[in-house]
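Thank you for sending this model for comment. My notes follow the display, arranged by region.

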Amino acid sequence: MRASQEDFESAMNQVKLLKKDPGNEVKLRLYALYKQATEGPCNMPKPGVFDFINKAKWDAWNALGSLPKETARQNYVDLVSSLTSSSESSTQVKPGADRGQQEYENLVVTSEDGITKIMFNRPTRKNAISTQMYQEIMLALKAASKDDSTITVVTGNGDYYCSGNDLANFTDIPPGGVEEKAKQSAIMLRDFVGTFIDFPKPLVAVVNGPAVGISVTILGLFDAVYASDRATFHTPFSHLGLSPEGCASYTFPKIMGPAKSCFSFQATEMLIFGKKLTAGEACAQGLVTEVFPDSTFQKEVWTRLKAYSKLPPNSMRISKQVIRNMEKEKLHAVNAEESSVLQERWLSDECINATMNFLSKKAKL
Ligand SMILES: CCCC/C=C/CC(=O)SCCNC(=O)CCNC(=O)[C@H](O)C(C)(C)COP(=O)(O)OP(=O)(O)OC[C@H]1O[C@@H](n2cnc3c(N)ncnc32)[C@H](O)[C@@H]1OP(=O)(O)O
């Protein structure tokens, strides 16, 4: 039986609900089939060779030649159906499921000695945060807020703490185009940062190495930040045609000193001029609680955290509430404003060019 228009629309909705990123190749095929089913054979001028995102999309659509619209619609529905059934089977029984533990692709989450540890686990990408990883971090934080641990710790696997947003996230363009992508990203960013603002238990960052971008800005929402002396703190927003997020436009000047004092210039030097701070400098500015020599970092930090985790949990949670609640409304408002400014920035030539330069290996920080 041929797929109807309703089957097609239902498949489009199912794509948005996929639990697992199907990868760029499948997404290109979905894009091409969608265009063919709705518009017929490729009717766009061929993009230039350096416009490689649109070129890849054009190639995929053009490769469908004169495939009839109905067949493209059927193929789209079949492809989505194969994706939904494989994602259902891959979330079934996994090791740890019987202990109520969730499995993550880009995180290692463990709970021991009253401490839930959320470790970024993409060391070959310097722990850059992919779209899927944002979702996983939100899920892990929500689970940690309800489990029986007293403290939650965020750290990184490998030589980096985290290299910030995965710049390849912007190559995954939905059928609605780049505007739709920017809109979806702004919603995800607001939810992601909101999860940190609302996190109810003591939240500690164990910064094992260099930290970049959003992994630095959200530190202002943690309750303690311990850093190895190998760590650096870098927010290269202007270099990337971006603007601050993670509430840093509010927390950094507040943490680093009152307005117009020489200290608040440290915040603007970081957020506007992209100055990279050493761990010692970040500690002097109040962004880091304490710095440890890398050789003894893990031992010293975890000994301290284990002692803290034995403190009465309700008292710690209530103290956090008393300290943070007055600020919550303001932080949510700042988060919404920063996300909406970024939604526009992502569509700017400055941002698109900087992202292309990184992805085509012409630039690095
Ligand atoms: C939707 C919400 C959006 C919120 C917005 C947040 C804003 C930010 O977070 S801005 C910060 C974005 N991050 C960057 O600009 C960092 C880019 N990376 C680099 O400049 C360098 O990779 C590095 C300085 C972090 C490390 O350099 P190093 O020479 O030591 O290692 P590499 O060989 O470059 O890295 C290994 C491998 O990993 C890839 N990679 C590293 N970071 C990222 C990243 N952020 N996005 C995508 N890919 C990244 C790098 O390309 C290498 O890949 P290959 O092995 O394939 O070459």
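Predicted model: local features only at pLDDT ≥ 70, side-chain atom pairs only at ≥ 80, totals over all residues.

1. Residues are numbered from 1 along each chain as its sequence is written, and side-chain values use heavy atoms, with hydrogens and water left out.

2. Strand 1 (residues 107–112) pairs with strand 2 in the antiparallel sense over six bridges, where pairing requires that DSSP finds at least two bridges between two strands, and where helices (H or I, at least four residues) and strands (E, at least two) are DSSP runs numbered from the N terminus. Within this pair, T110 stands opposite K117 in strand 2. On its other pairing, strand 2 runs parallel to strand 3 (residues 151–156), again over six bridges, and I115 faces I151 of strand 3.

3. Five of the six residues of strand 2 (residues 115–120) are buried, so strand 2 is largely enclosed by the rest of the structure; here buried means under 20% relative accessible area, exposed over 50%, and partly exposed in between, with a 1.4 Å probe and protein chains only.

4. D113, in the loop between the two strands, has a positive phi of about 55° although it is not a glycine, and D113 is partly exposed, with a relative accessible area of 43%.

5. A second residue other than glycine with positive phi is C247, whose phi is near 75°. C247 lies in the loop between strand 7 and helix 8 (248–256), and at 0% relative accessibility C247 counts as buried.

6. A140, in helix 5 (residues 131–146), counts as buried at 2% relative accessibility. Leaving aside neighbours within four places in sequence, A140 is in contact (heavy atoms within 4.5 Å) with Y104, L107, V109 and I118. The C-alpha atoms of A140 and I118 are separated by 7.2 Å, although these residues are 22 apart along the chain.

7. There is also an open sheet of three strands, with the order 5-7-8 and mixed pairing. Strand 5 (211–212) and strand 8 (277–278) stand at the edges with a single partner strand each, so one side of each is left without a neighbour in the sheet. Strand 5 pairs with strand 7 (residues 232–234) in the parallel sense over two bridges, and V212 stands opposite H234 in strand 7.

8. How do the axes of helix 6 and helix 12 cross? The axes of helix 6 (residues 177–197) and helix 12 (residues 313–345) come within 9 Å and cross at roughly 160°, which makes helix 6 roughly antiparallel to helix 12, a label that applies to angles over 145 degrees. The axes are lines fitted to C-alpha atoms over the stretch in contact, with angles running from 0 to 180 degrees between N-to-C directions.

9. The residues making that contact include A182, L189 and V193 of helix 6 and L331, A336 and L342 of helix 12. By class, the contact of helix 6 with helix 12 has eight nonpolar, five polar and three charged residues, where Ala, Val, Leu, Ile, Met, Phe, Trp, Tyr, Cys and Pro count as nonpolar, Asp, Glu, Lys and Arg as charged, and the others, Gly among them, as polar.

Key: Parallel < 35°, antiparallel > 145°, perpendicular 65-115°, else oblique.
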